[in-house]
Amino acid sequence: MKFFADTAEISEIRELADQGLLDGVTTNPSLVQKSGRDFIEVVKEIAGIVKGPVSAEVVALDHAGMMREAEVLRKIADNIAVKVPLTPDGLKTCQKLTSDGTMVNVTLCFSAAQALLAAKAGATFISPFVGRLDDIGQNGMELIADVRQIYDQYDFETQILVASVRHPMHVVEAAKLGADVMTAPPKIIQQLFKHPLTDAGIKSFLADWDKTGQKIG
Ligand code: E4P
């Protein structure tokens, strides 16, 4: 499963890239607002750090407006995935962009029916938002299982990009269900390392090692 970082913070992206954990980045208008940076500048900087896909979202709601914005975004770098919302205009834009060879991430997916439409529109990535579904009392992971089943049934090549990830168990469940990609805030990716028995094990091994009085090298 590929790991994308859901952030527009350069320092967090660099840290994950240095750890060799980063396959791509997703941004959205809220994350850009949080970064306080100029949208085009920050996306350009991210695309220079990360080799994999970097999602940059359009804000127009009509097809012509989305195409105009996509023109600007896809010129930033070769690894830009234009992010469009799951609407009729968004999918029309998706079809046009992917047929021209541009990667497209269809975002704000909350149902299997929507995911089916995105695959038929040739989306590179579909982003089902599991956390936001959980927030309203629905099971986000059931959606991932449904989309996996449908895509496998018809050999759709659209990659399932699990989004709105809120905790490490979302990552584990997504992996068990065969999601292609997950995008999470860097803090959650770092939490994947954590286990109290790992910390306790290191502590007791070092205590015993000190008693040997030896050194390595
Ligand atoms: C995905 O591309 C989105 O940027 C993101 O996962 C949204 O997550 P949120 O529900 O935590 O805002």
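I began with burial: 35% of the 217 residues of the chain count as buried. The model I am reading is a predicted one. I then listed the secondary structure and found 11 helices and 8 strands in the chain. Along the principal axes, the C-alpha atoms fill a box of roughly 70 × 40 × 30 Å. I also looked up contacts between residues at least 6 apart in sequence. Of these, 54% join residues at least 24 apart.

**Entry: the length of H8**

I picked helix H8, residues 140-154, and checked its span. The helix has 15 residues, and at 1.5 Å a residue they should span 21 Å. I looked up the end C-alpha atoms and found them 22 Å apart, which agrees.

Which residues of H8 are buried? I noted Gly-140, Leu-143, Ile-144, Val-147 and Tyr-151. They cover an arc of only 100 degrees around the axis, so they sit on the same side of H8.

I turned to the face directed away from that buried side. There I found the exposed residues Gln-149, Asp-152 and Gln-153.

Next I asked what covers the buried residues of H8.

**Entry: Asp-155**

I moved on along the chain. Just after H8 comes Asp-155, with a positive phi of about 55 degrees. I marked this residue because it is not a glycine and yet has that positive phi. Asp-155 lies in the loop between H8 and S7.

Is Asp-155 buried or exposed? I looked up 7 C-beta neighbours inside 10 Å. The cut-off for exposed is 12 or fewer, so Asp-155 counts as exposed.

**Entry: Ser-164**

I found a positive phi at Ser-164 too, near 60 degrees. Ser-164 is likewise a residue other than glycine. Its place is in the loop between S7 and H9.

Is Ser-164 buried or exposed? I looked up 21 C-beta neighbours inside 10 Å. Buried takes 20 or more, so Ser-164 counts as buried.

I put the two loop residues side by side. Asp-155, in the loop between H8 and S7, counts as exposed. Ser-164, in the loop between S7 and H9, counts as buried.

Notes
Residues are numbered from 1 along each chain as its sequence is written. This is a predicted model: local features need pLDDT of at least 70, side-chain atom pairs count only at pLDDT 80 or more; totals for chains, interfaces and linings use all residues. Helices (H or I, at least four residues) and strands (E, at least two) are DSSP runs, numbered from the N terminus. The expected span of a helix is 1.5 Å times one less than its number of residues. The arc is that of the directions from the helix axis to the C-beta atoms. Two residues are in contact if their C-beta atoms, placed from the backbone, lie within 7 Å.
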